[in-house]
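Me: I am new here, so please take me through one part closely. How many salt bridges does a search of the whole structure find, and what do they link?

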Amino acid sequence: RAVIGAGLSDTFGVKGLGLNVTHRQSIGVGTSITDFSVTYQILTNLSLRVTEQITWGNSSLFIVGLETGFENSDFLSTLCQTTPCDFNDPTVNLGTTKVTAQYELTGGTSGQAGAISLAANTEVPVNENVTVNAGASQRLDLKDSKNNETVLSVGAAYDDPEVVRGEVSYD
């Protein structure tokens, strides 16, 4: 499904605390989803995120999870220490990868047993303002395995800190 998204985030001057509102609008058939999130940085590269996700006209999810990330070039440099490879130029920006683990409660905080989700998403810069990304996620429903799902996604984003950030993705 094709999706257009927009997000607004701010730290409001509190170190390690972030607030984010993101809306994803399906093009054609599909659902529209809005996330309201609070993120707190626990360690240098580990954050706790609490999200209320509203699927308009359908349902809501309460999500709590952990997110970590790393620079792709750092990962490859580490790999090249143990395995011979031709690439090891630390000046080349190869983007970042984020890994998340989440627990979802369907129906918001009043919901019953939900689902566990694991995801990885890599974002690689094309130029100063444009990035391309690819990801995969696996959702395991704790009540009914028929609702388990695997999602692959690709997309691109435009980010100009002084103007706007926008992205298009396909799941």
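Reply: Start with one term: a residue is buried under 20% relative accessible area, exposed over 50%, and partly exposed in between (1.4 Å probe, protein chains only). This is a predicted model: local features need pLDDT of at least 70, side-chain atom pairs count only at pLDDT 80 or more, and totals for chains, interfaces and linings use all residues. Residues are numbered from 1 along each chain as its sequence is written, and side-chain values use heavy atoms, with hydrogens and water left out.

The search turns up four salt bridges (a side-chain nitrogen of Lys or Arg within 4 Å of a carboxyl oxygen of Asp or Glu). Side chains of opposite charge can pair when their charged atoms come close.

Take Glu67 and Lys98. Their side chains meet in a salt bridge, 4.0 Å from N to O. Glu67 sits in strand β5, residues 59-71, and Lys98 in strand β6, residues 96-106. Strands here are DSSP runs (E, at least two residues), numbered from the N terminus. The two partners are 31 residues apart, so this pair links distant parts of the chain. How covered is each end, buried or partly exposed? Glu67 counts as buried because its relative accessible area is 18%. Lys98 reaches 45%, so Lys98 counts as partly exposed.

Now turn to Arg139. Arg139 pairs with Glu104, and the closest N and O atoms are 2.8 Å apart. Arg139 is buried, because its relative accessible area is 15%. Glu104 has 6% relative accessibility, so Glu104 is buried too.

Arg139 has another partner, Asp141. Here the closest N and O atoms are 3.9 Å apart. Asp141 has a relative accessible area of 16%, so Asp141 is buried.

What joins Arg49 to Glu67 and Lys98? Salt bridges that share partners do, and the three residues form one network.

Strand β6 holds Lys98, the partner of Glu67 in strand β5. Lys98 is partly exposed at 45%, while Glu104 is buried at 6%. Arg139, in turn, pairs with Glu104 and with Asp141.

Conventions
Helices (H or I, at least four residues) and strands (E, at least two) are DSSP runs, numbered from the N terminus.
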